[in-house]
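Here are a few notes to go with your first look at this one.

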Amino acid sequence: MKNIIELKNLAKTYQLKNLEVPVLHDINLEIKSGEMIAIIGPSGSGKSTLMNIIGLLDRPTSGEFKLKGETITLNMPDKKLAGIRAKTIGFIFQSFNLLPKQSSLANVLLPTAYLKQKNANNKALELLKKVGLSHRLNHKPTEMSGGEKQRIAIARALINDPEIILADEPTGNLDSKSGQQIIDILKDLNKEGKTIIIITHDEKIARQCMRTIRLFDGKISGDNNDQ
Ligand code: ADP
Ligand code: MG
């Protein structure tokens with residue numbers, strides 16, 4: 001399989017007024033299409049920063065980044081990044097990031113405001129069915145459980161058919177049973193060919209992934225792909 005993500009000597013330093021906050025150092029990573037990966041590490045180790053860079057939500061300070069073979073340059077315009085992001089990546093966050101006053105259906109349709117597509121409505125219905133929520137189409141997030149909210153978020157992440165799903169602590173706010181349901185859905189999506197990257201600090205989740213990358217103090221301290 002070909003590399004879908006390649007990072008070479010990647011570094012990130014946040015600039016806070018006069019203070020430089022180095023967060024990622026010398027990250028070298030190759031991820032193949034179809035992998036299911038856990039990124040595990042303590043709080044503050046740089047996991048979300050790394051995910052945001054891979055997801056084109058943030059920019060590295062230096063280094064090389066290729067996504068699907070395309071070089072993502074440091075000065076690529078925001079608009080161009082947003083276009084690539086919308087087509088390529090679906091996001092799932094710990095705190096769901098849903099619009100609380102909109103129906104689950106409307107939430108799933110959100111990304112189609114950017115990338116117009118025919119039959120978006122039917123596709124959203126299909127995806128809500130796939131995550132087991134066909135009976136909750138008109139419910140709002142405030143009327144649903146955490147596990148259900150995360151399943152809406154998964155349907156939303158899938159609406160533009162991204163090749164890559166990035167999930168930042170997707171089970172962090174869930175009890176273990178609903179958390180496992182989310183992981184099971186992600187595993188099924190991986191079987192269908194999606195490349196899945198799950199950030200977690202739960203070893204039990206990491207064990208269910210084919211590969212675990214460990215981050216410590218902004219550096220990769222372990223990768224069972226290298227063994
Ligand atoms: P993790 O997700 O592993 O908990 P993060 O990537 O969120 O870690 O953060 C790594 C480090 O970077 C932390 O020390 C955090 O305080 C710092 N950091 C994160 N975001 C910013 C930011 N926007 N500006 C400055 N420092 C940040
Ligand atoms: Mg984080």
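Is Glu163 buried, partly exposed or exposed? Glu163 is partly exposed, with a relative accessible area of 30%. (Buried means under 20% relative accessible area, exposed over 50%, and partly exposed in between, using a 1.4 Å probe and protein chains only.)

1. Before going further: this is a predicted model, where local features need pLDDT of at least 70 and side-chain atom pairs count only at pLDDT 80 or more, while totals for chains, interfaces and linings use all residues. Residues are numbered from 1 along each chain as its sequence is written, chains are lettered from A and ligands numbered from 1 in the order in which they are written, and side-chain values use heavy atoms, leaving out hydrogens and water.

2. Searching the whole structure turns up twelve salt bridges (a side-chain nitrogen of Lys or Arg within 4 Å of a carboxyl oxygen of Asp or Glu). One of them joins Lys68 and Glu163, at 2.8 Å from N to O. Lys68 sits in the loop between strands S4 and S5 and Glu163 in the loop between helix H5 and strand S7, so this pair ties together parts 95 residues apart in sequence. (Helices, H or I with at least four residues, and strands, E with at least two, are DSSP runs numbered from the N terminus.) Lys68 is partly exposed too, at 46%.

3. Have a look at Asp161 and Lys123 as well: their closest N and O atoms are 3.4 Å apart in a salt bridge. Asp161 is in the loop between H5 and S7 and Lys123 in helix H4, 38 residues apart.

4. Finally, Arg211 and Asp223 form a salt bridge at 2.8 Å, N to O, and both are buried. Shared partners join Glu35, Arg211 and Asp223 into one network.
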